[in-house]
There are 2 protein chains.
Amino acid sequence: MKSPAGGITRYSRYFIRTRREDPGDAEIPSHKLLLKGGFVRQVSAGIFDYTPIAFRVITKIMVIIREEMNRIGGQELLMPVFNPASLWIETGRYQAMGPELIRMKDRRGSDMCLAMTNEETVTDLARSFVSSYRDLPFMLYHIQTKIRDEARPRGGLVRVREFLMKDAYSFHPNVEDLIGYYDGIYNAYIRTFLRMGIPSIPVEADTGAIGGTNSHEFILPTPSGEDTFARCTSCDFAANVERAAVVLEKTEPAGNCPPLEEVHTPSIKTIGDLTAFFGIDKTGFLKAVAYEADGNIVIVFINGGYEVNEVKLKNSLGASELSVAESGRLVGAGIVPGYISPRVASLPKVTVIFDNTVLSSQSYVIGGDKEDYHMKNAVLGRDIVITKTVDVATIREGDACPNCKGQTITLSRGIELGHTFQLGTKYSESMGLTYLNSESAENLVVMGCYGIGVERAMASIIEAHHDDKGIIWPVTVAPFDIALLALGSDAEVTNAAEKIAESLAIGCDVLFDDRAESAGVKFADADLLGVPLRVVVSKKLVGKGEVEFRVRRTGEVFVVPGDEALAKARSLLESLSKQEGVRIDEN
Amino acid sequence: MKSPAGGITRYSRYFIRTRREDPGDAEIPSHKLLLKGGFVRQVSAGIFDYTPIAFRVITKIMVIIREEMNRIGGQELLMPVFNPASLWIETGRYQAMGPELIRMKDRRGSDMCLAMTNEETVTDLARSFVSSYRDLPFMLYHIQTKIRDEARPRGGLVRVREFLMKDAYSFHPNVEDLIGYYDGIYNAYIRTFLRMGIPSIPVEADTGAIGGTNSHEFILPTPSGEDTFARCTSCDFAANVERAAVVLEKTEPAGNCPPLEEVHTPSIKTIGDLTAFFGIDKTGFLKAVAYEADGNIVIVFINGGYEVNEVKLKNSLGASELSVAESGRLVGAGIVPGYISPRVASLPKVTVIFDNTVLSSQSYVIGGDKEDYHMKNAVLGRDIVITKTVDVATIREGDACPNCKGQTITLSRGIELGHTFQLGTKYSESMGLTYLNSESAENLVVMGCYGIGVERAMASIIEAHHDDKGIIWPVTVAPFDIALLALGSDAEVTNAAEKIAESLAIGCDVLFDDRAESAGVKFADADLLGVPLRVVVSKKLVGKGEVEFRVRRTGEVFVVPGDEALAKARSLLESLSKQEGVRIDEN
């Protein structure tokens with residue numbers, strides 16, 4: 001899918017409708033601008049139509065993705081959305097996946113599901129094609145509709161229920177080969193997003209439901225993002241908070257601590273009230289957080305200065321479902337919610353977990369195991385017995401960097417643009433994807449997988465490129481190169497505009513605003529739609545044989561002779577690309 | 001998506017696996033060759049993976065479709081697969097569609113379905129964008145995954161459960177405008193299929209579940225097709241048998257017919273036995289066929305020389321479900337299966353229908369309404385009272401042409417490549433898609449819709465272009481232009497082949513067979529995969545600086561100097577295109 005070689009699209013005949021008013025339900029800039037510009041229309045929660053102008057952007061995004069995947073040897077194919085459950089049962093994900101995976105029976109009563117990712121289908125295909133080490137390595141990808149029944153679709157195109165995903169899968173004889181190839185993917189991802197105008201940050205990430213050993217998310221830093229990631233200001237460490245390890249501060253030795261003492265704390269419930277009452281800060285409290293994990297009660301004890309990270313906890317437990325425990329359930333198990341001490345470990349059917357951060361203090365205020373009571377001077381080793389701790393805390397601003405150990409962690413929000421995984425043998429093992437090596441010994445194929453959401457990329461580009469008037473598309477993904485505005489209904493202007501349109505269309509995609517609308521409306525729409533160059537043909541200029549150029553990104557204005565318009569357009573687009581820093585020469 | 005500008009694909013690194021043996025389960029040539037060539041792999045009944053070589057063909061097919069749609073002003077967009085049931089409830093199709101429409105609840109309990117076509121979504125989108133006659137006409141299309149839970153997936157890619165469909169929708173101020181545009185669509189369809197190398201025949205067709213007034217199917221005539229269509233040998237009439245009207249032969253006047261007489265016909269059950277027993281041919285019998293239509297018993301009487309066409313019957317009844325009646329159900333209603341006479345019209349809850357063909361004779365043998373009895377000399381008007389007849393018969397070879405009235409009908413089988421519909425106001429009425437005309441009066445938008453199945457087109461191309469050795473792709477849709485074969489492991493051959501590959505890749509897509517396989521294997525694979533040109537570099541020729549060309553379609557062989565290979569390839573591809581008669585100059 002090459003970018004169009006140029007052409008004229010007449011606004012008056014185009015299926016487009018912009019709005020002047022701000023949509024009330026839009027949460028983030030991209031959502032607002034996509035709705036105002038008529039790029040998308042919501043069909044149902046998290047389900048959208050993409051109108052012709054949006055599909056032009058989507059097409060250009062797909063071209064960039066395809067070129068970068070092909071450059072690293074990717075082979076494009078097409079795998080189905082409608083999947084037999086049997087494949088997902090083989091890997092255990094038919095059960096393990098939550099309600100995001102849509103399951104149904106077909107008319108013959110067979111269990112089916114809608115592929116929200118294609119590890120199962122691609123491994124199934126590969127096992128029918130691969131037999132020898134000579135068949136390896138290779139990388140397959142497709143750009144295919146994905147349907148995920150998200151609990152909370154939000155952020156416009158950021159979290160939706162149906163989208164196009166480029167998912168790529170690589171197959172290797174061993175881990176070393178995967179790791180070597182993974183570097184190439186990593187670079188291809190940086191390059192892919194750069195070409196779209198997105199300066200992405202690769203961060204270490206949780207592997208989640210996909211699995212595997214290492215993975216990276218490619219993040220666009222933006223306050224409207226729903227992911228939080230930690231970066232070090234003094235080294236190159238970057239990781240999603242779901243993954244970033246919390247490194248312990250030095251603990252003080254216990255000293256000669258007074259004995260454990262019960263304290264009556266009526267009506268003192270919030271952490272603010274408690275710190276005031278006891279005269280110590282949050283880190284002096286042993287916080288208990290109660291969960292249900294796959295139906296079992298799990299109590300997590302963590303230093304009061306930290307929060308539990310539920311993704312880390314879920315991974316640590318190997319649980320498939322995790323939720324905050326209901327009060328009634330706790331009471332039934334003999335637990336007093338709000339006043340939980342480590343002594344609940346002795347209750348039947350209660351699992352107790354200590355986070356690493358518990359070790360950062362030697363003495364705590366803990367729950368009293370009865371309503372309105374706390375205990376103070378609970379000393380590790382003396383009053384609190386810990387055999388093992390795990391890392392289930394969320395890293396904080398100013399925490400120690402897991403890499404360089406400086407107190408240099410900063411937190412930012414961002415949108416996940418892509419995710420790459422070193423899968424290892426998770427799928428080849430469960431589905432029996434093997435090959436014979438040069439000594440005819442059977443080995444498991446080692447896999448990687450690599451995803452990019454197409455519509456989310458479009459939204460992210462807008463998050464990175466907009467102002468209060470509208471979108472500012474980078475040249476590489478702009479739906480049109482030029483918005484050509486004919487101002488007024490004067491025949492001379494109309495004729496000149498037609499001629500200019502024809503000449504610009506040699507190599508440029510022109511949105512020709514030929515409507516009987518005011519200059520104000522046309523200017524506003526051109527700005528909103530974010531076309532890189534605006535060319536105006538007006539009564540005033542046409543007499544001098546001139547047209548006016550305006551660069552959407554910089555606001556620069558140039559008046560040039562009509563017969564130099566094409567050359568000017570080309571040079572402006574070229575220099576804009578360089579300025580955007582996003583055009584990378586092919587090959 | 002432009003066709004690639006040329007490049008080299010190394011067979012040794014390509015994700016491809018051909019088979020020597022014929023697949024046992026393949027029903028038709030395209031299915032067999034797609035499996036043998038490793039183009040597709042079945043994931044489940046009617047669900048396939050399309051491997052990289054198949055995706056190259058699919059890409060070229062989509063390019064042709066897009067170019068032809070854009071040429072007639074089509075605007076490409078993207079609408080969702082995952083649809084809220086509410087839209088389908090508005091048009092009544094949520095109920096009316098059979099189990100082909102996959103329905104499910106989402107995690108919030110809302111009814112959803114998977115779009116098997118997009119009239120609902122496109123009309124919903126259009127009603128939010130269209131307000132004035134100035135917004136009309138326009139045409140939107142997308143190429144999107146469709147999921148249809150077919151009862152009997154078959155014929156490889158001909159009838160599947162998941163496929164890519166190009167569905168286009170046009171919107172007009174009135175019927176005249178639609179009809180004018182429809183001619184353009186009609187021509188674009190002829191042209192689209194011709195460019196793929198398919199000589200399609202447009203035939204009048206039943207409108208089925210899509211609805212509307214007129215529609216055409218574009219058919220590839222082939223014995224492996226599942227559609228039957230009627231053509232006239234002396235005029236240009238062509239129609240699907242589901243649509244073709246049966247024109248009555250002249251009826252003989254009744255004359256002085258003997259009275260109705262009961263005849264004992266023990267053990268005489270088949271039509272063959274009956275014709276022998278009564279000494280008359282099939283047309284002398286009034287055949288009764290019993291159905292259940294939406295739960296009601298319907299008895300169709302038809303001249304014994306004809307068969308009931310169930311699509312015509314369903315349309316005539318306006319029924320959404322039709323099946324042959326079960327014997328028990330008939331007995332319960334007081335009907336004697338196998339011996340049904342028109343007197344059953346007097347039974348409660350039984351509907352009786354007479355086909356037009358009943359009028360082609362004046363006297364019949366009819367059922368006796370009791371086991372082992374028939375009645376002869378049943379005369380229309382005297383013994384059989386008919387107030388109305390309908391056309392629910394299937395046209396036969398040699399029947400009268402509905403157009404020119406000659407006895408000139410021939411029947412053929414074929415594959416439906418595309419289907420175009422003049423929808424009229426079916427969807428705009430049910431979904432409230434209106435516009436204000438120039439007098440500010442509200443009018444319904446008039447619509448048309450136009451589909452092409454992408455994978456079915458691929459299969460149809462193969463049905464039209466293959467021999468016993470494999471596929472013969474037309475140049476316009478071939479996955480590669482050239483199969484370059486290096487024979488033997490001689491360094492001189494290998495080096496020469498690398499050089500030839502580099503030179504051919506300037507403008508040609510080269511599948512470079514660099515495997516350590518025998519010449520026989522390489523020849524067989526090149527033939528099977530159907531690449532238009534084969535270029536061989538061998539020990540014998542390389543000494544003379546020559547290569548051998550072979551044209552897959554014609555078998556012609558040329559030996560040319562290596563440095564003329566590119567020029568020769570280009571001229572052969574050019575002349576092949578002309579020979580195939582399928583390349584139409586662009587604009």
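Q: How far apart do the C-alpha centres of domain 1 and domain 2 of chain A lie?
A: They lie 37 Å apart. This is a predicted model: local features need pLDDT of at least 70, side-chain atom pairs count only at pLDDT 80 or more, and totals for chains, interfaces and linings use all residues. Residues are numbered from 1 along each chain as its sequence is written, with chains lettered from A and ligands numbered from 1 in the order in which they are written.

Q: Where are the domain bounds in chain A?
A: Domain 1 is 64-243 + 411-458, domain 2 is 261-379 and domain 3 is 472-580. The bounds come from an automatic or database domain assignment.

Q: How many residues of domain 1 are in contact with domain 2 in chain A?
A: 4 residues of domain 1 are in contact with 5 of domain 2. Contact means C-beta atoms, placed from the backbone, within 7 Å.

Q: And what classes are on the domain 1 side?
A: 2 nonpolar, no polar and 2 charged residues. Ala, Val, Leu, Ile, Met, Phe, Trp, Tyr, Cys and Pro count as nonpolar, Asp, Glu, Lys and Arg as charged, and the others, Gly among them, as polar.

Q: Switching to the chains: how many residues of A are in contact with B?
A: 43 residues of chain A are in contact with 43 of chain B.

Q: Which element of chain A gives the most to that side?
A: H5(A), with 5 residues. Helices (H or I, at least four residues) and strands (E, at least two) are DSSP runs, numbered from the N terminus.

Note on methods
Contact = placed C-beta atoms within 7 Å.
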